[in-house]
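Keep the viewer open as you read.

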Amino acid sequence: MQIDAVPSDPTTRQTVLGILKQRFGDQISTAEAIRERHGKDESYHASVAPDAVFFAETTEQIADAVKTCANYKFPVIPFGVGTSLEGHVAALRGGLCIDVSAMNQVLEVNAEDLDVTVQAGVTRKRLNEYLRDTGLFFPIDPGADASIGGMAATRASGTNAVRYGTMRENVLSLTVVTADGRVVKTARRSRKSSAGYDLTRLFVGSEGTLGVITEVTLKVYGIPESITSAVCQFEDLESAVNTTILTIQSGIPVARMELLDDTQMGACIAYSKLEGYQAKPTLFFEFHGTKASATEQAKSVQAIAEDLGGSTFQWTARMEDRNKLWQARHDAYYAALALKPGSQGWATDVCVPVSRLAECINETKTDLEGTGLLAPLVSHAGDGNFHLVYVIDPENQPELDQAQAHSDRMVMRALAMGGTCTGEHGVGYGKMRFLQAEHGEALALMRSLKIAFDPDNIMNPGKIVNV
């Protein structure tokens, strides 16, 4: 894809970096390797390096740095751990990358209220390790060990979303540094409020284009008494998808329900050494609750699956076995790359109403057959979200063009079915061109909000909307 990158003005760059280095010393780095690393996420998008990286330690430091950048209209790009997938961290106009990884403290746990406040650089695994002894856990699991601030900024979700929702439903409040350097708190800790605009939901999913998230207050949950995983295999993809649809329509509160097509399952078997399975369309389930309720949920789902030709469930309640199973699911990307050594992965996703999922997947797979592309499929089937990973040679331009064209058709197909161009990867600059087709006149309102919050367009410019 053509990158619309414009270097920052040399005089402005020299002035701003001189001020910042004087204030923050070694926390400001202009080393080429560090800048290159901070200009690229885990996607196929090329690195576009910032002019400098600021390793911030406090909200106050970020506010100070942003005020300086605002005075000179110098771009600011927030950075967590760089696990985004649509070019979110590319410094398309140069500028200062603010790395919040050193802001990694859990600030407050309110066990009775089931909420926790963390700095933006805390990762989801670190948070759950911290919470383990309290009997609580944070369920949002996008696979990568992403930072909580980045997860809020991209409205992340993942394998548990079918039961626990996405970051949109689980963020109670944010502390944000705005484009002019003000520090604002978007809400209180109460579970509901009808006082004023819902600024929290506005910043969740804003991808750093409206401000820098520095603290997050989250909902947390009690660790379930019983956690059981099961695997069911099918002869065809449609039967597996229909199992998920009937499960959701039956109101069964399954915690995870992940679909892998035959190509992806074969890759996971080889890469993660999964024994006793075949390269067939496969559903991974997880059930949370009391022992009685988890068992009841599982039996209900098994009956649905058997009616649709699914195999007998393969069960496991042992933590080691469950961890291995879900680690294999999380390693699906790397398993796909192992199918074609030396390749690069191009991940994309769409989301449709659950009732249209089978149709959208079948049409996408049929379309894929004529391209010659290798693109395993995984799906958070319970909420209508699915992903393809095009396993491609980055030097093969015709292959890249085929992948782009197929991905574009998949997005337009999803939109025609009442879906979205991205269920959880976000927009970045990789999917900006689809927002007009998805949102129509609402895109102009988004642009107005961007201008109101960031009139000089310094906050992660070139992402979501152009101004």
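Leaving out neighbours within four places in sequence, Asn110 is in contact with Asp115 and Arg189; contact means heavy atoms within 4.5 Å. This is a predicted model, in which local features need pLDDT of at least 70, side-chain atom pairs count only at pLDDT 80 or more, and totals for chains, interfaces and linings use all residues. Residues are numbered from 1 along each chain as its sequence is written, and side-chain values use heavy atoms, with hydrogens and water left out.

Asn110 sits in strand 5. Helices (H or I, at least four residues) and strands (E, at least two) are DSSP runs, numbered from the N terminus. Is Asn110 buried or exposed? Asn110 is buried, because its relative accessible area is 12%. The cut-offs are under 20% for buried, over 50% for exposed, and partly exposed in between, with a 1.4 Å probe and protein chains only.

Follow the chain out of strand 5. Leu114 lies in the loop between strand 5 and strand 6. Leu114 is partly exposed, with a relative accessible area of 31%. Its phi is near 55°, a positive value in a residue other than glycine. Most residues other than glycine have a negative phi. Ile464 also has a positive phi, near 65°. Ile464 lies in the segment after helix 17 (442–453) and is buried, at 14% relative accessible area.

Back to the strands. Strand 5 and strand 6 (residues 115–119) pair in the antiparallel sense over four bridges; two strands pair if DSSP finds at least two bridges between them. Val109 stands opposite Val116 in strand 6.

Which strands make up the open sheet, and in what order? Five strands form it, in the order 5-6-10-8-9, with antiparallel pairing. Strand 5 (106–110) and strand 9 are the edges, since each pairs on one side only. Neighbouring strands are turned by 15° against each other on average, direction ignored. Axes here are lines fitted to C-alpha atoms, for helices over the stretch in contact, and angles run from 0 to 180 degrees between N-to-C directions.

Two helices pack on this sheet. Helix 3 (residues 59–71) touches strand 8, strand 9 and strand 10 (211–219), and its direction makes about 40° with that of strand 8. Helix 4 (residues 124–131) touches strand 5, strand 6 and strand 10, and its direction makes about 50° with that of strand 5.

Arg182 is in the loop between strand 8 (171–178) and strand 9 (183–185). Arg182 is exposed, because its relative accessible area is 52%. Its side chain makes a polar contact with the side chain of Asp180 (3.0 Å). A polar contact is a pair of N or O atoms within 3.5 Å; within protein, one must be able to donate a hydrogen and the other to accept it, and residues adjacent in sequence count only if both atoms are side-chain atoms.

Finally, zoom out. The chain has 17 helices and 18 strands. Buried residues make up 56% of its 467 residues. Among contacts between residues at least 6 apart in sequence, 72% join residues at least 24 apart. The C-alpha atoms fill a box of roughly 70 × 55 × 40 Å, taken along the principal axes.
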